[in-house]
Amino acid sequence: MPNISPMLAVRYLVFFTLIFTVFFAAAENQPAAVNADAIRAQLGKNSGDGMNEAELTELRRFYSQRNYQPVWSQAENARAFLDMALILIGKADEEGLDSGDYHIEVLHRLRDESPVSLALELGTTRSLLALAHDMYRGRLKATSADPDWYIPQPPFDSADFLQQSVASVNPGGLERAFAGLPPDMPQYRALKQQFSRLQNQVAAGTKWTQIPDNIPSLHPQTRHAAIPLIRRRISQAYGVFEKPEYDIAGNDSSDFYDNRLETAIRTLQRQYGLNADGVIGKNTRQALNMSAVEQLQQLRITLERLRWLPRKLGSRYILVNIAGFNLTAVHDNERVLEMRIVVGRDYRSTPSFSSRISHLILNPYWNVPASIAAKDLLPKQRHNPNFFTSEGIRVFSDSRHEFELDPYAIDWSSAGRSFPYTLRQEPGRKNALGTIKFMFPNPFSIYLHDTPSKSLFQKDIRTFSSGCIRLEKPLNLAEFVLGAAFSKAAIQEKIDSGKTQTVHLPEPVSIYLLYLTAWSDEQGEVYFSSDVYGRDRRALTYARWLQPEPHLSQSF
């Protein structure tokens, strides 16, 4: 990656020296002996020079499958075959990976010195095995980089893949094999393309204009000294995203917030998941002040998260983007429904996992979790003795709801953290779950549901729930998951009956709850959101991919 820190540069130099002087020193003893015996002898050592045990084991497994015959040095077109391998390793950066992790500079030096050395033979194979693994299922161990991630990474056999890829000793075949490794999804390709554009910006040392924090909210048709800076920043965004609405160059000095700038700001607000009201407030200023490095890192960790996913998501599935506060329903690779959502608060953050929706509950009861009863509802009952009754919340002494208690006869001031009662809210217009509840098995007791608090969907940052997902358009989603079994009108008719009913899906629908701070739409337009739970920063720090870049502060 460009612009590495001095500390990383020192570490790289030390690593380079170790690899070159220790691991590849074997080639000096056998300058022309790249054959099965030499490979077997080198890999038969108890420790691999410069390699960890896992790398050495994989390398042994690969060569044992081919009776230790070399790959890169004895074919008729060995030079072209090897050059293609090095090209593929060098292009790792395009996937949001780091070609330095695959020792590309060391391999190039060895290639220049002797195209038939044992060190180059083993080093190239070692790097390709690692690269294939990382392109298919991710560079990082998902659960270590993101402890809130519970979706198993796809299995992959690097040795078997590479064995098949080199069988024909054809550079084109090797290239095609590696091209098929990343996720075959439009979203991945769009983010990868945007990543490449931003890489060029960062490599060129581009610094985007920063908007002062100490200015008031700016409304259209007003004047302010910061407007020329905002115009300049929008023009810079045009150079990256090429949105026609951002092409406002030519009037950078004007301090008047005119219609053309308003159109650009509304477009930017939509791109960053904000309400497109044209008002340049705190959240819009934060979006404007995201640096190229920060966006590059968002894209990098998002590409990595997409590699963690199963390769086949299903013909019909639902993708819940926790960080982006949106839900998308997909049928035969076509997005047929999108909506805003509300997710868990910071201290009740929604995890990333997958499941299958099995049934809906219409006019559901809300069985209040004990933690919510004690922390959220009990203080309201203490403040207002009529709260439970007015909200349709009944009190029981047991979880089976067999023995109901009179809320007016209970001394609520004596109830503590070990809440001794069970609360259940009756179906109705005040029910916290609204009129529909979407059920799918998971160990977190999380589900999708309607909500009476519709105004929350107009907020920029929608972290208001206790972990479950509140839906902007629950009827539309019900129609999607039920398919031809029920129309929206038929579902509404059942809801209007007021009866609590369970409706089973004709066929379960897969659902994936993900944390993606960058994503794309069907047209390939890229969108961003803030790292509301700090999971990107945590994963980037774990991977040592984080490149802090302080904002350049300006004020008036």
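Is Tyr68 buried or exposed, and at what relative accessibility? At 18% relative accessibility, Tyr68 counts as buried, a term that denotes under 20% relative accessible area, with exposed denoting over 50% and partly exposed the range in between (1.4 Å probe, protein chains only). The views below show a predicted model, in which local features need pLDDT of at least 70 and side-chain atom pairs count only at pLDDT 80 or more, while totals for chains, interfaces and linings use all residues. Residues are numbered from 1 along each chain as its sequence is written, and side-chain values use heavy atoms, with hydrogens and water left out.

**Figure 1. Overview of the protein.** The protein has 20 helices and 15 strands, taken as DSSP runs numbered from the N terminus (helices: H or I, at least four residues; strands: E, at least two). Its C-alpha trace spans about 90 × 65 × 50 Å along the principal axes. Of the 556 residues, 51% count as buried. Among contacts (heavy atoms within 4.5 Å) between residues at least 6 apart in sequence, 70% join residues at least 24 apart.

Figure 2. Most residues other than glycine have a negative phi. Phe325 is found in the loop between strand E1 (316–321) and strand E2 (326–331), and its 3% relative accessibility makes it count as buried.

**Figure 3. Helix H9 (residues 158–165) and its cover****.** Six of the eight residues of H9 are buried, and the helix is mostly covered. The buried residues are Ser158, Ala159, Phe161, Leu162, Gln163 and Ser165. Their cover includes H4, helix H7 (118–137) and helix H10 (171–179). At the N-terminal end, Asp157 caps H9, with a side-chain oxygen 3.2 Å from the backbone nitrogen of Ala159.

Figure 4. Arg335 is buried and has no salt bridge, defined as a side-chain nitrogen of Lys or Arg within 4 Å of a carboxyl oxygen of Asp or Glu. The nearest side chain of opposite charge is that of Glu338, 4.2 Å away; Lys and Arg count as positive and Asp and Glu as negative, whereas His and the chain ends are not counted. A polar atom of the Arg335 side chain lies 2.6 Å from the backbone oxygen of Ser520. With neighbours within four places in sequence left aside, the contacts of Arg335 are Gln187, Thr328, Ala329, Val330, Ser520, Asp521 and Glu522.

**Figure 5. Crossing of helix H15 (residues 292–307) and helix H20 (residues 535–543)****.** The two axes come within 10 Å and cross at roughly 85°; H15 and H20 are therefore roughly perpendicular to each other, a class covering 65 to 115 degrees. Axes are lines fitted to C-alpha atoms, for helices over the stretch in contact, with angles from 0 to 180 degrees between N-to-C directions. Gln297, Gln298, Ile301 and Arg305 in H15 meet Arg535, Asp536, Ala539 and Leu540 in H20.

**Figure 6. Tyr421 in the loop between strand E7 (404–405) and strand E8 (422–425)****.** Tyr421 counts as partly exposed, at 23% relative accessibility. Apart from neighbours within four places in sequence, Tyr421 is in contact with Val395, Phe396, Leu405, Ile410 and Trp412. Tyr421 and Ala374 are 47 residues apart in sequence, with a C-alpha to C-alpha distance of 9.6 Å.

Methods. A polar contact is a pair of N or O atoms within 3.5 Å; within protein, one must be able to donate a hydrogen and the other to accept it, and residues adjacent in sequence count only if both atoms are side-chain atoms. Angles under 35 degrees count as roughly parallel, over 145 as roughly antiparallel, 65 to 115 as roughly perpendicular and the rest as oblique.
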